[in-house]
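Trainee: I would like to go through this model with you. Can we start with the chain contact?

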Amino acid sequence: MAESPFIRKEIKGIRVHVLPSDRFKTYSISLYVGSPLEEANVTANAVIPFVLRRGSAAYPETRAFRIKLDEMYGASFGFDLYKRGNNQIVQFRLDTVADRYVAEGGSDRLLREALAFLIGTLCRPALEDGRFVAKYVEAEKTTVQKKLEAVINDKIRYAAERCLQEMFPDDPFRLNALGKIEDLAAITPENLYERYRRWLAEAQIDLYVAGDTTPETVFGLVEEAFDAGRGSAQPYRIGNPPAPRVEVKRVEESLDVAQGKLNIGLTLPVLVPDADYPSALVYNGLLGGFPHSKLFVNVREKASLAYYASSRYDGYKGMVMIQSGIETGNRDKALAIIADQLEQVAKGQFSDVEMNQTRAMIVSQLTELSDSAFDMIAFDFNAVLTGRRRTAEELAESVMAVGREDVKRIAGQVRMDTVYFLRNRQGGDER
Amino acid sequence: MKEIRYERLNETLYSETLPNGLEVLLLPKAGFSKTYAVFSTRYGSADNRFRKADGSEIRLPDGIAHFLEHKMFEEPEGDVFQKFADHGASANAFTSFDRTAYLFSATRDVEDNVETLLDFVQAPYFTDENVEKEKGIIGQEIQMYRDNPDWRVYYGLIEAMYAEDPIRIDIAGTIESIGTIDKETLYLCHETFYHPGNMLLIVVGAVEPERMMERIRANQAGKTFPPYRAPERIYPAEPEPVRERMHVVELPVSLPKCFFGFKEKKPAGDGVALARQEAATRVMLDLLIGPSSDLYQALYDENLISDSFGFDCQMTPRYAYSMIGGDTRDPDLLIERVKDGFGRIAREGFAEADFERMRRKRIGNFLRMFNSPEAIANEYTRHRFRGIDPFGWLDVYESLTLEDVNRRFADHVNWERLAVSIVRTGSRP
């Protein structure tokens with residue numbers, strides 16, 4: 001069995017993971033801060049990283065903060081906010097050129113600067129009067145509000161979010177990882193700073209460094225720079241899959257759009273840690289994960305109804321989302337074809353060729369993870385999150401062992417839950 | 001096969017031009033599992049007029065280069081995605097103004113996959129029926145882009161700037177224009193623009209150069225092509241001024257989207273001059289309005305821009321422009337503030353220290369690109385097709401001076417040549 005290439009150590013309540021490698025021209029650093037996705041805190045938690053990126057104690061002015069990044073050979077710094085099951089994850093990323101390509105003054109000068117910068121950004125924010133800088137909080141509340149309002153601009157994303165909202169009306173999973181617009185008004189520099197203190201103390205924190213360095217160097221730098229008064233690291237909790245619905249929920253909405261968007265949410269009670277996870281990957285691959293899959297071939301290539309028709313399996317929540325963009329008048333036709341594909345997979349009506357192609361594609365995706373430091377980091381973090389350690393090689397082996405009966409067993413557990421359709425406005429000057 | 005060692009990049013490039021004219025580049029990446037290959041032709045949406053050998057002139061239907069890209073994936077025995085999938089490889093393609101690129105990424109059987117790539121792109125198979133069927137699919141692609149405000153504001157700016165140049169025509173065409181496409185015209189385009197002499201293949205990643213090159217040579221030697229005659233493309237003369245100062249599209253959006261930019265007066269030529277112009281323009285834009293500029297921060301503080309704000313530039317031998325923008329509550333005020341901010345710079349000039357920092361940032365970005373086989377292959381092709389040395393950017397940036405950037409600013413930022421594109425919610429309820 002292949003061993004994970006990461007070397008790990010718990011330091012001051014955070015998990016530190018180091019991947020020494022000279023294949024990359026940069027140091028890739030990811031800092032994951034994860035907390036349970038909760039109605040009460042989702043919005044404040046989301047605003048925190050926006051405020052942190054405005055300035056730290058060392059670089060309190062935003063412009064100085066960004067100039068420092070430029071000076072580190074244009075270090076790319078950013079963060080993402082997303083859901084992994086019912087966890088709200090903030091991922092900070094910093095990518096800076098490896099010292100050997102721009103060597104000046106010491107073999108790991110840029111790594112030192114980058115780590116100190118990132119840890120400083122997380123642990124020692126710019127403050128005024130013992131709380132966050134009011135100007136930054138106000139501006140970033142506006143930024144988050146704009147981002148939430150902008151979801152409607154991208155109709156593909158909008159339809160996917162609306163489908164989730166309808167599918168999970170009582171589950172925080174329906175929420176955007178950026179939170180809720182209506183919560184923003186109540187956020188103040190004081191209460192946000194309070195929330196930040198608790199977030200920093202209680203969230204799960206994983207720091208990853210990949211690049212031309214040694215674990216000792218990184219561990220030493222973290223010992224020096226990290227300071228958040230935390231207890232010991234706790235495992236993440238991954239929830240239970242959703243219960244199937246008795247009757248399919250159907251929702252239709254209209255907007256000023258040229259193309260209709262059809263989204264179908266399905267429950268699949270298989271999660272990443274489960275033994276059936278590799279089979280669920282193959283199921284989704286056969287159904288709609290690739291251009292050789294049933295949805296692409298039948299909705300697009302054969303019926304010529306769509307440009308895209310695909311499915312995505314979420315093993316952190318236990319669901320599948322099918323999506324396609326079609327002419328409004330073709331809704332029933334598309335639905336019938338999709339239902340037919342679901343049934344075919346369930347009945348085992350797929351060829352050995354389809355099975356082989358699907359397994360080969362998934363294995364290829366897993367194999368190429370090792371070419372990107374950030375992909376390797378993301379894969380490893382998912383193992384930390386779910387508590388199930390599988391290397392990419394182990395998962396690839398399991399995928400190769402998935403057979404037809406395994407896929408049928410998975411298909412037998414899939415239940416259509418919600419059909420969401422975004423259509424154009426009727427009448428008027430519509431074509 | 002030529003071997004070129006780039007010491008500072010720690011990379012080695014292998015190249016050869018085959019007897020049929022095909023240019024092949026191989027870049028092995030030590031320790032990588034994946035291989036990424038791109039097979040591109042110098043033929044894009046803007047190459048819509050040409051003269052045939054008999055002297056007659058052809059005007060192609062809008063969107064045909066992109067339509068052809070879609071149709072290439074079909075073979076008599078089915079669609080070629082399946083062949084790649086047999087090897088766990090994923091294939092794709094894209095069409096831009098000046099090129100059409102076919103690509104795959106794979107973690108095994110790389111040589112087989114490269115042959116599949118060469119074979120399918122060099123063997124068109126069109127029938128009346130499969131051409132008709134594609135019209136439905138591309139029709140939906142066009143509708144998807146119609147609903148996408150980011151695409152509309154981007155394209156609106158090009159339409160505002162250019163009166164004649166065919167880059168102003170949407171890459172996918174319209175539902176009406178693709179309706180006129182037939183298999184005969186597709187074959188004509190393929191014959192004219194897909195000759196190996198007009199194409200470039202680059203393979204980056206887990207590749208063994210000698211064996212790979214041998215396989216490519218044998219594959220190409222097994223096919224016959226007529227002698228290469230460079231297609232005689234015809235482009236209309238583009239007037240110097242922008243076509244319209246402002247272009248507005250109505251679409252439901254949470255905030256107006258506003259892109260603006262300057263249309264370059266005359267192209268810089270190609271090769272080193274073009275590369276220097278692009279480098280100077282990028283550093284200039286970073287300095288003027290990048291995230292660490294005073295102006296960016298002032299606009300953000302005034303709630304006129306948000307994280308969506310950014311910039312880009314296109315510098316080619318025929319057309320060149322800058323593009324700046326994002327979501328804004330007030331497009332007019334944004335433009336006014338930008339004018340003021342640029343005016344201040346025009347009086348004071350850029351500071352040497354700021355220039356150094358931005359040059360450094362660009363060098364870092366260039367080096368970072370070498371982590372990604374996809375980025376290497378795509379950037380290589382893009383620059384090569386414009387006559388720029390794709391690996392020469394370190395030299396270009398290192399020889400760039402503050403004086404170059406100040407001069408670039410004086411040349412480029414000409415308010416007479418400004419165009420603005422806006423997408424905003426319509427008045428219709």
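Trainee: How many residues of chain B and of chain A take part in the contact?
Mentor: Keep in mind that this is a predicted model. Residues count as in contact if their C-beta atoms lie within 7 Å. The contact takes 49 residues from chain A and 52 residues from chain B.

Trainee: Which element gives the largest share of the side of chain B that touches chain A?
Mentor: Several elements of chain B each supply at least two residues, among them helix H4 (128–146), strand E10 (100–106) and helix H12 (352–369). By class, that side has 16 charged, 19 polar and 17 nonpolar residues. The largest share is 10 residues, and it comes from H12(B).

Trainee: Which element gives the most to the side of domain 1 of chain B that touches domain 2 of chain B?
Mentor: Chain B is divided into domain 1 (2–233) and domain 2 (246–424). Contacts join 32 residues of domain 1 of chain B to 29 residues of domain 2 of chain B. Elements giving two or more residues to the domain 1 side include strand E3 (23–28) and helix H5 (149–161) of chain B. With 9 residues, the most comes from H5(B).

Trainee: How is that side of domain 1 of chain B divided into nonpolar, polar and charged residues?
Mentor: It is the side that touches domain 2 of chain B. The C-alpha centres of these two domains lie 28 Å apart. The residues divide into 10 charged, 3 polar and 19 nonpolar.

Trainee: What is the radius of gyration of chain A?
Mentor: Chain A has 16 helices and 13 strands. For 431 residues the globule rule gives 22 Å. Chain A comes close to that, so it is as compact as a globular protein of that length, with a radius of gyration of 23 Å.

Notes
Residues are numbered from 1 along each chain as its sequence is written. Chains are lettered from A and ligands numbered from 1 in the order in which they are written. This is a predicted model: local features need pLDDT of at least 70, side-chain atom pairs count only at pLDDT 80 or more; totals for chains, interfaces and linings use all residues. Helices (H or I, at least four residues) and strands (E, at least two) are DSSP runs, numbered from the N terminus. The radius of gyration is taken over C-alpha atoms; the globule rule is 2.2 Å times the number of residues to the power 0.38. Two residues are in contact if their C-beta atoms, placed from the backbone, lie within 7 Å. Ala, Val, Leu, Ile, Met, Phe, Trp, Tyr, Cys and Pro count as nonpolar, Asp, Glu, Lys and Arg as charged, and the others, Gly among them, as polar. Domain bounds come from an automatic or database domain assignment.
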